[in-house]
Amino acid sequence: MIEINKLTKSFKGKKVVEDVDIYMDEGESIGLLGPNGAGKSTTISMISSLLKPTSGDVKLNGKSTIKNPAEIRRILGVVPQEIALYEELSAHENLKFFGEIYGVKRNVLEQRIQNVLDMVGLKKRQKELVKTFSGGMKRRVNIAAALLHNPEILILDEPTVGIDPQSRSHILETVKKLNRENGTTVLYTSHYMEEVEQLCERVYIMDHGRVVAAGSKEELLSILSSEDTIQINLSDTNDEVVEKIKSIKNIRRVDETKNGIRIISKKGSNILSDLVHAVESEGIHLTNFQMETPSLEDVFLHLTGRTLRD
């Protein structure tokens with residue numbers, strides 16, 4: 001349905017997106033992951049025809065949207081990273097305004113407004129001013145605005161950043177229902193790995209403006225098929241003991257986490273005795289050693305060396 005070919009964008013001679021290839025079939029839910037500055041939002045702006053690429057193309061059903069953006073705009077709903085609402089208007093007034101911009105006919109607009117308000121769980125609050133809403137409620141109105149014209153494709157740019165757990169849960173369920181029950185094609189970017197795992201069939205990982213990996217969850221996890229993931233806890237930690245752990249044979253990566261230290265080692269290598277010796281030589285004790293099933297976040301760390309929240 002949508003094919004992105006060698007999409008590139010430069011600002012003042014610096015490439016912020018380079019040779020990005022993405023395809024989206026009708027009814028798919030695609031995840032786009034990457035740390036801040038990876039080029040996700042720029043890529044989305046080019047796909048949605050808000051930003052003209054330096055080179056490359058975006059095709060909808062084989063036709064370039066760069067040369068003729070009207071067709072993709074007609075069937076596309078975009079939920080931007082920043083709240084795009086009028087604070088002094090009510091939720092209903094905001095939706096009426098955006099519905100008229102979309103060109104929704106007046107005789108059906110009111111029913112559309114009620115439908116999307118019901119979908120995002122704000123029907124009872126529609127007459128209240130947006131400035132009185134929580135961050136999560138504002139984001140839900142943002143989503144409602146993008147759905148007024150019944151888009152076939154929905155792009156959401158980090159829609160759950162900085163909101164309460166209840167709104168986050170509601171947004172995830174709304175996106176899931178749109179995709180699985182309504183057949184809406186979804187492109188979803190997020191800083192939260194668990195959201196993408198829950199919602200998306202295929203995932204693209206971006207870093208420094210390039211796609212560094214793509215595939216289903218199973219295909220991405222196979223990147224670590226030759227490695228073991230180990231979580232350890234220590235009685236104490238310092239830079240010296242971390243460096244000693246890194247120097248152990250067959251250890252490929254060491255990352256400090258909020259729960260201890262995560263180690264990526266060559267599959268099947270027996271490193272426990274070397275670990276104990278390394279930490280105890282610094283007067284520190286190994287308090288827990290646990291083999292873990294690799295996750296998408298492990299793959300992300302392996303590919304980029306950074307967590308999503310960097």
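**Aromatic pairs, sheets and helix packing**

Three aromatic pairs are found in a search of the whole structure, which is a predicted model. In one of them, the ring centres of Tyr86 and Phe97 lie 5.3 Å apart. Their planes meet at 85 degrees, so the pair is edge-to-face. This pair links distant parts of the chain. Tyr86 belongs to the loop between strand E6 (76-79) and helix H3 (91-102), whereas Phe97 sits in helix H3, eleven residues apart from Tyr86. Tyr86 is partly exposed, at 44% relative accessibility. Phe97 is also partly exposed, with a relative accessible area of 32%. Phe97 pairs in turn with Phe98: the ring centres are 5.3 Å apart and the planes stand at 70 degrees, so this pair is edge-to-face as well.

Arg168 lies over the face of Tyr192, at 4.5 Å from the ring centre. Arg202 takes up such a position over Tyr23, at 4.0 Å from the ring centre.

Six strands form an open sheet in the order E6-E7-E8-E3-E9-E10. The pairing is mixed. E6 and strand E10 (210-216) are the edge strands, and each pairs on one side only. From one strand to the next, the twist averages 15 degrees. Within this sheet, strand E3 (residues 29-33) runs parallel to strand E9 (residues 202-207), and four bridges join them. Leu33 has Ile205 as its bridge partner in E9.

Helix H5 (residues 135-147) packs on the six-stranded sheet. The helix touches E6 and strand E7 (153-157), and its direction makes about 165 degrees with that of E6. Asn142 is a residue of helix H5. Asn142 is buried, because its relative accessible area of 4% falls under the 20% limit. With neighbours within four places in sequence left aside, Asn142 is in contact with Val79, Pro80, Glu82, Ile83, Ala84 and Leu85.

Helix H4 (residues 106-119) has 14 residues. At 1.5 Å a residue, H4 should span 20 Å. The end C-alpha atoms are 20 Å apart, which agrees with that expectation. Leu109, Ile113, Gln114, Val116 and Leu117 are the buried residues of H4. These buried residues pack against H3 and H5. Gly121 follows H4 and has a positive phi, near 75 degrees.

A further open sheet has four strands, in the order E2-E1-E4-E5. Its pairing is antiparallel. Strand E2 (14-24) and strand E5 (63-64) stand at the edges. Each has a single partner strand, so one side of each is left without a neighbour in the sheet. Strand E4 (residues 55-60) pairs with E5 in the antiparallel sense over two bridges. Lys59 stands opposite Ser64 in E5. Helix H1 (residues 40-47) lies across strand E1 (2-11), E2 and E4. The helix runs at about 120 degrees to E1.

Definitions and conventions. Residues are numbered from 1 along each chain as its sequence is written. This is a predicted model: local features need pLDDT of at least 70, side-chain atom pairs count only at pLDDT 80 or more; totals for chains, interfaces and linings use all residues. Side-chain values use heavy atoms; hydrogens and water are left out. Rings of Phe, Tyr and Trp (its six-membered ring) pair if their centres lie within 6.5 Å; planes under 30 degrees apart count as stacked, over 60 as edge-to-face and the rest as tilted. Buried means under 20% relative accessible area, exposed over 50%, partly exposed in between (1.4 Å probe, protein chains only). A charge sits over a ring if NZ of Lys or CZ of Arg is within 6 Å of the ring centre and within 35 degrees of the ring normal. Two strands pair if DSSP finds at least two bridges between them. Axes are lines fitted to C-alpha atoms, for helices over the stretch in contact, and angles run from 0 to 180 degrees between N-to-C directions. Contact means heavy atoms within 4.5 Å. The expected span of a helix is 1.5 Å times one less than its number of residues.
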